[in-house]
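Here is a short report on a predicted model. Look at the structure first, then read on.

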Amino acid sequence: MTAAVLDRRDEWDGPVPVPSGSNAPFWEATLDGELLYQRCSCGTKQLYPRAVCSGCGAVDPPFESSDGLGTVHSYTVCHAPGEPGFDTRTPYVVAVVELLEGPRLLALLDVDADAVTVEMPVEVVFWRVSDVAAIPVFVPR
Amino acid sequence: MTEPILAGVAESDLGETPDRNWLDNAAIATVRALDDAGCTLSDVDGVAVAGGRDYMQALLLAEYLALDEPTFLEGTEIGGSSFEAFCGHVGDAMAQGRVDVAVIAYGSTSKTGPGRSRELKVTHPIEGFVRPTGLFRPPGAYALAARRHMHEYGTTKADLAEIAVSTREWAAMNPKAAMREPITVDDVLESRPIADPLTLLDCCLVSDGGGAVVLVSESKATELGVPPIAVAGVASTMTHRQDMSEMPDLTTTGAAVTGSKAFTEAGIDHDDVDLAQIYDSFTYTVLVTLEDLGFCEKGEGGSFVADGTTAPGGELPMNTQGGGLSYCHPGHFGVFLLIEAVRQLRGDYTGDRQVNDAEVCVVHGTGGVLSSSSTVVLRRET
């Protein structure tokens with residue numbers, strides 16, 4: 001699947017990831033609206049990307065494309081900015097999202113703070129925040 | 001018998017120490033703790049340091065104090081639980097005859113010192129997945145865990161607030177505590193939201209300061225004539241580090257593993273515990289740790305802490321100096337848990353501040369963002 005990629009380069013003044021090593025394929029795919037995770041032949045699924053499989057130790061486990069669908073495993077409403085560039089965003093919602101494929105990731109939720117519930121179904125969109133990376137952000141589905 | 005004895009404890013000045021750096025505060029705490037033990041710097045042959053804002057911090061403190069060929073140098077950095085873990089490492093080395101007098105030390109200037117670097121280009125391979133979310137850490141990380149606990153077990157913000165209220169009651173009796181005015185559950189609920197469900201009064205203080213503990217062999221303890229406060233059991237583990245989405249179960253910490261191990265090693269059960277020092281970076285940290293240590297069933301932490309269970313006069317006196325929530329929190333609170341445990345077990349205090357006939361204290365450190373867990377059982381030997 002591919003999701004929408006919204007170009008936020010002009011308005012984003014928060015931290016931006018610098019791709020390196022085993023996470024480079026992940027960030028490259030985000031520019032095309034694709035959310036990758038690693039699925040090893042041993043069955044282990046993992047995100048963030050690593051050079052080794054945390055299940056069997058295989059080097060460079062292969063990437064798979066996620067459907068970008070998940071649920072809010074938990075969330076917090078940040079009333080104080082946790083990073084530069086977030087001062088004007090408060091209150092904003094950060095969640096642990098559990099993908100339907102299994103892996104979890106930390107992500108911004110683009111949603112009103114009052115509308116969030118645990119186990120709420122969400123789907124990914126991407127905010128392009130630099131020339132080399134778009135961050136996964138989740139919205140209600 | 002090879003249990004290390006906690007022979008001396010001390011803090012540096014706390015609160016704001018703008019004329020000191022982390023090494024100053026660690027060193028001042030060290031010499032005060034040595035004085036408390038009846039030792040001098042020339043007795044020290046081991047040093048264990050965590051949390052200093054430096055590279056090779058154990059070597060730095062040993063150099064700063066001009067230690068003479070120390071044989072035990074320990075700088076394992078697992079956050080706020082490092083000092084509890086050090087009790088085990090020192091004990092192992094002591095059992096092998098590799099160290100006789102070891103200082104566990106910490107110092108910081110979290111309040112007045114330089115802040116964290118905020119480079120916008122995130123080159124760290126894991127932080128690149130965390131920082132762009134804007135998560136306000138550490139409170140937001142703990143809030144994620146607390147929210148999941150509320151979802152699974154019906155825990156409420158008022159349950160968490162009870163912990164802040166009980167802890168403040170202890171702080172009111174400690175002249176060194178930064179926050180001593182009594183508070184109510186409503187005060188906590190109505191304080192400024194930080195990272196929902198946590199409010200300002202659910203969060204620990206930010207302080208300068210240092211602390212130190214002197215561990216000696218039993219023969220050295222006999223020579224010094226100090227009360228035999230012994231490390232009777234110790235265990236450590238971890239669940240994750242940087243990314244909360246990697247914590248296997250947001251509602252269970254490593255304390256579920258370390259508690260039973262340390263209790264077994266010490267040969268105690270919960271009925272033997274006279275008091276507890278539980279790392280309280282946030283109110284939720286305490287609630288989940290009490291559950292994981294087995295003081296109540298999983299999910300029942302809220303009802304356990306209600307009605308002053310951990311307050312003065314309660315069933316389980318806890319954080320009797322006022323904790324990180326109300327006494328001080330220079331960043332790695334674990335050393336201060338040990339300091340207060342020793343003072344209680346020695347019977348240093350008077351009146352309501354002293355827990356009567358305190359013989360067994362459970363000390364539990366938590367590091368990172370609920371990441372590392374270390375439990376120590378301290379016992380006053382007879």
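**Where the chains meet**

The contact draws 31 residues from chain B and 34 residues from chain A. H4(B) provides the largest share, 6 residues. The table sorts this side of chain B by class.

| Class, side of chain B that touches chain A | Number |
|---|---|
| nonpolar | 16 residues |
| polar | 7 residues |

Strand S2 (residues 16-17) of chain A is joined to S5(B) by 2 bridges, and the two strands run parallel. A:Pro17 has B:Val122 as its bridge partner in S5(B).

**The nonpolar core**

In soluble globular proteins, nonpolar side chains tend to be buried together. Here the largest nonpolar core has 165 residues. Those with the most contacts inside it are B:Ile104, B:Val213, B:Val214, B:Leu338 and B:Leu378. Helix H1 (residues 22-37) of chain B gives the largest share of this core, 9 residues.

Take B:Val213 as one example. Beyond its neighbours within four places in sequence, B:Val213 is in contact with B:Leu6, B:Val9, B:Ala33, B:Ile104, B:Val335, B:Leu338 and B:Ile339.

**An enclosed helix**

Helix H3 (residues 82-95) of chain B has 14 residues. From its first C-alpha to its last, H3(B) reaches 20 Å, close to the 20 Å expected at 1.5 Å a residue. Is H3(B) largely enclosed or largely open? Of its 14 residues, 12 are buried, so H3(B) is largely enclosed by the rest of the structure. Among the buried ones are B:Phe83, B:Phe86, B:Val90 and B:Met94. After H3(B) comes B:Gly97, whose phi is positive, near 75 degrees.

**A buried isoleucine**

B:Ile163 sits in helix H5 (residues 157-171) of chain B. B:Ile163 counts as buried because it has 31 C-beta neighbours inside 10 Å, and the cut-off is 20 or more. Which residues does B:Ile163 contact, leaving aside neighbours within four places in sequence? They are B:Thr283, B:Val286, B:Leu287, B:Val305 and B:Thr310. B:Val286 is 123 residues from B:Ile163 along the chain, yet their C-alpha atoms are separated by 7.6 Å.

Methods. Residues are numbered from 1 along each chain as its sequence is written. Chains are lettered from A and ligands numbered from 1 in the order in which they are written. This is a predicted model: local features need pLDDT of at least 70, side-chain atom pairs count only at pLDDT 80 or more; totals for chains, interfaces and linings use all residues. A nonpolar core is a set of buried Ala, Val, Leu, Ile, Met, Phe, Trp, Tyr and Cys residues joined through C-beta atoms within 7 Å. Helices (H or I, at least four residues) and strands (E, at least two) are DSSP runs, numbered from the N terminus. Two residues are in contact if their C-beta atoms, placed from the backbone, lie within 7 Å. Ala, Val, Leu, Ile, Met, Phe, Trp, Tyr, Cys and Pro count as nonpolar, Asp, Glu, Lys and Arg as charged, and the others, Gly among them, as polar. Two strands pair if DSSP finds at least two bridges between them. The expected span of a helix is 1.5 Å times one less than its number of residues.
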